[in-house]
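Q: Hi! I have this structure open and would like to talk it through with you. Could you help me find my way around?

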Amino acid sequence: MLETSILVASRAAESGHYSPSTTDHARRTTVTDDQQRADVEGLLPLKPVEFLVLLVLMDGERHGYGIVQDMIERSDGKVRLLPGNLYAILRRLMGNGLLAESSRRRASDLEDQRRRYYGITALGKRVLVAEAERMRNLVRQVEASRLIEADTR
Amino acid sequence: MSYGDSPRNRAGPEAVYRLLLHCYPADVRRQFGDDMLDVFRDMCEVERQRRGWVGVLSFSLRAYTEVPMKAAEAWTQARGGVPGRRGVVESVAGDVRFALRTLRKRPVFTTVAVLTLGLGIGAVTAMFSVVDAVLIKGLEYRDHARLVTVWQVVPGWRDVVNLTDYWDKGWLSYEQYRMWVENGDRAMEIAIHDGGGMTLTGLGEPERLAVGEASASLLRVLGAQPVLGRWFLPEEEGTEANASRPVVVLSHEFWQRKFGGDPDMIGGTLTSSERSYTIVGVLPRGFRLRMLTAKDDVGRRDVWVPLEADQGYHWEAIGRLAPSVSIEQAQAVARSVLLPQGSASDRSISLVPRKESEILGFGGPLVLLLGATGLLMVIACANVATLSLGEVLRRRHEMATRVALGASGLRLMRQLLTESVVLGILGSAVGVVLAVVGTRMLVALAPPIPRLDGVVVDHRVLAFAALLGVLAGLLFGTVLPMMSLQGAVGDALRSGTRGNVMRREAFTRSLSVTEIALTVVILVAGGLLTRSLVLLMNVNPGFDSDNLVVIHALPPNGRYSSQVEEMAFYGEVLDQIRAIPGVSSATAANGVPFVDGTSSYQVRVLGGEGDLLDAGVSALGYRVGPGYFGVTGVPIIAGRGISESNGPTGPLVAVVSASMARRCWPRESPIGARFQFLGNAITVIGVAGDVRHEMLDREPVPTFYVPAAQSAYGDANFVARTGVDARHVIPLIREAVWSVDQDVAIVEAGSLASFIARSANYERYRTLLMTVFGVTAALLAAAGVLGVTARAVAQRTREMGIRMALGARGRRLVGSTVLESLTSALAGTALGLLGAFWASRLLSRFLFGVAPSDPITYGAVGTLVIAVCLGASYVPARQIARVDPVRVMRVE
């Protein structure tokens, strides 16, 4: 518990937001943070497509079709989400607080302006990182069993 | 009022997706629906670029099937369902997913079944959307249930040659309208209107405009508002007002076409050959008002002008009943006001609900065609049922294994049902795409039918298609599992048993008999209509229509008011036309059969007896130029025709038709006899052959021809006989007319043969459609027979192999297999002919010269169908000859 608190405080300090007066605040968020960690664990494992969606959104906000396009690109055309599935995923991710609808609209294109944009939330980023770590652990176990060579690059 | 408020005519795939989105809970749809549609549209576009329409089709089908499953998940969540635990909805979704997977594993079956169903659903849906627009949907007027058509019933018109059809649909006079306005009750408000024309000048080539003339009350009665400016005021009605300060209201389409939708045109001027009108308003887009007595009038008018007062009975009246006034009450009031004491006693007034009078004459053929597509749909279903049954047979090991592993019969049944419904929905999707294409073709090929331009594949039509698909799915999804599950386990355990197989064979055969029978019904209908059309088109109109060109022209009103001027104008134009290379002779007349009608007159035979003297004879009167009979090829049977010598100063003469001669002078020669026409005594100088006037199926009526030089032409129809293709000459004749007077409007121009063909437009349309449906049905039935035989052959390979090993000749085995399918072909054809015999009564009023039980048609269709069935069974049966007995024996 204390360690977490220090961790949060030091992270805050690194990012330049730390000031003594926020210590109490940091301590209060400790509890939430702990809960969130539990939340993060509860949300794992992610489905591969969910993982991909979050990954795509790390590059910035996208509208629905933008997400589909990026996923096609990233998967070399293998993952082609249909609209129904896409929005089922978006709804689920939003329901779990991993995504949020963006209030920002792009003004460059009238057509695009009408559309909803989605962005990844802080929780979403944490879940993405946790999922990546989980997968890395899995891969390491496989490597340890010499089934595949460890990538040493 | 919602004229032309049609939903955006989006491409079919997107419309279907929009409809499917209704599967989602409302809040989800509200939140994401538009976005999903956006994504769908974008991906569709990408697929279009990537793989063309194949890509679009396969993408849309995948996207469609995904929606119900995802929607089911959304519902589960909306009901607070725990993810992971399978609720009813989710388990159905699971079934659907499984069904899609199994269907995907059998691409040939799935493709054939979906396409067959799609064809059936597409045909029904396309035809339904036409019936929906023309017959079912309301009229485009606000609260149209209160609108009535006011007819004057004139029993005497039954004896008037060109009014016979209208005796109970007679028009009102302007005076009657004024009587209603002045003394009329509050029971109903009446408006009157008529169609006319004006020649637009000063905006390019003189153009003939379709003009509506109407009373100031019209828009109020119809419940419409101009989109710009105003409609007429009561004080603008009548001759004086029209002469002193004429006003005009433009239709939306005309305003867009001629003025590019410029709102500043209000207050501007529109110049016709007669007068300059002030533009006071623009009507809403799509505003239509038909003259009901003109069948091919779909109600389009370029401009509307206030009516001018006259004496004639030619105004069609439309009334709006006051609230809580019944049609009977209004009719009683109308009779007392419009037909005051002392007026012609046999007349009456009848009020008919507007919608009823609007669809009169269009309902029968369209409903009949819808019925034919319904049969087509049943054939498609039977085909798919046969296919599915084959699949079930093929899968009986799978089924048996699943039952053996503990799946309940109910569970399997549900699975099969889901598969069928999914198949049905896929079929509807294909059907909708076909319907969108089909509807466009139906509209493009159609003769003038009111409200046909309002045909859209909208949500009602889509719902109809989806319903059809699901029903079709349920039909062969419940029947089949029941048939198949009975013996699924037993078959697997006792693989030699043939009992169930036999029963299934019988069922399959009965399906194929049904298909063949229904095909025969549609083909007989198509055959009867075709024969009737051919007979109709072979009717001799009474003149030689080959290489005859007619130009219906209208000189500006009042320009050739004196007879001398008029004759000079006509003479000059005819000289110009005769000088055109390729024209061998030319003449003119006030009307030409099938192009431009003429009036009927009550003529009295001078020196006649009895009723011929008193009441006279109703006859059509043409005013014709010299050489009319020579040019048109109407034969002169006795006496002589009309020539240059019958000038204005000579004695008044006429040529009468054979039927008029028979009617007026039954016992003596008509040559030299006299009759009274418009107060003048006219001497008959010749008898001409009978001519049909508007429709080929109408018997010729008494007709007489007087020299135009002795009366006046009125309307101008120039008739030219050409030695070359009419199409090359028509532009030259137009030029010739305009070289004499460039303000002459040309109403119509074409070969007389094309005008005659036009008179049978409706007949041709329904014949074409019925034939197309018949051929489609035959193809489906042939595919069905082919499938059934192919399976029978495949199942009996072993038997055939053994028989061949025992010495049977391959060719004889092929023959016996083909003969087996001959049994169902014969049974189906016999049943079908009986059905057609019964159903053809519905067709009888659309037939001409053919009895509904025409043996030639029945014989030809029967032979054709049997031949097609034999052909279709021969193709797979040939495989038998190639069976290698050695290989079969080795397997044994």
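Predicted model: local features only at pLDDT ≥ 70, side-chain atom pairs only at ≥ 80, totals over all residues.

Q: How do the strands of chain A pair up, and in what order?
A: They form an open sheet of 3 strands in the order E1-E3-E2, with antiparallel pairing. E1 (62-63) and E2 (99-101) of chain A are the edge strands with a single partner each, so one side of each has no neighbour in the sheet.

Q: How many bridges join E2(A) to E3(A)?
A: There are 3 bridges between E2(A) and E3(A), the latter covering residues 117-120. As a landmark, look for A:Leu99, which stands opposite A:Ile120 in E3(A).

Q: And which strands does helix H3 of chain A touch?
A: Helix H3 (residues 48-58) packs on the sheet and touches E1, E2 and E3 of chain A. Its direction makes about 95° with that of E3(A). Helix H5 (residues 83-95) of chain A packs on the sheet as well, touching E2 and E3. The direction of H5 makes about 105° with that of E2(A).

Q: The bond from A:Leu44 to A:Pro45, is that cis or trans?
A: That peptide bond is cis, with omega near -10°. You'll find A:Pro45 in the loop between helix H2 (23-43) and H3 of chain A. For context, most peptide bonds are trans.

Q: What about A:Arg146, what is its phi?
A: Phi of A:Arg146 is near 65°, a positive value in a residue that isn't glycine. A:Arg146 sits in the segment after helix H7 (122-144) of chain A.

Q: Is A:Arg146 buried or exposed?
A: A:Arg146 is exposed: its relative accessible area is 75%, and the cut-off for exposed is over 50%.

Q: How much of chain A is buried, then?
A: Buried residues account for 35% of the 153 residues in chain A. The chain exposes about 9,600 Å², with carbon and sulfur atoms supplying 52% of that.

Q: Switching to chain B. Where is the kink in H26(B)?
A: H26(B) has a kink of about 40° at B:Val875, shortly before the proline B:Pro876.

Q: How far apart are the end C-alpha atoms of H26(B)?
A: They are 38 Å apart. Helix H26 of chain B has 27 residues (855-881), so at 1.5 Å a residue it should span 39 Å, and the two values agree.

Q: Which residues of H26(B) are buried?
A: Quite a list! Among them are B:Tyr858, B:Val861, B:Val865, B:Ile866, B:Cys869, B:Pro876 and B:Ile880.

Q: Which strands does E18(B) pair with?
A: E18(B) is joined by 3 bridges to strand E14 (residues 600-606) of chain B, and by 4 bridges to strand E19 (residues 680-688) of chain B. Both pairings are antiparallel. B:Leu606 has B:Arg674 as its bridge partner, while B:Phe675 is partnered by B:Ile682 in E19(B).

Q: What is phi at B:Leu678?
A: B:Leu678 takes a positive phi near 50° in the hairpin of E18(B) and E19(B), where 2 residues lie between the strands.

Terms used. Residues numbered from 1 in each chain as written. Chains lettered and ligands numbered in written order. Heavy atoms only, no water. Buried < 20%, exposed > 50% of the residue type's maximum accessible area, 1.4 Å probe, protein only. Areas by Shrake-Rupley, 256 points an atom, 1.4 Å probe, with all protein chains shown as cover. Expected span 1.5 Å × (residues − 1). Bend = angle between axes of the 7 residues up to and from the residue. Pairing = 2+ DSSP bridges. Contact = heavy atoms within 4.5 Å. Axes fitted to C-alpha atoms, helices over the stretch in contact; angles between N-to-C directions.
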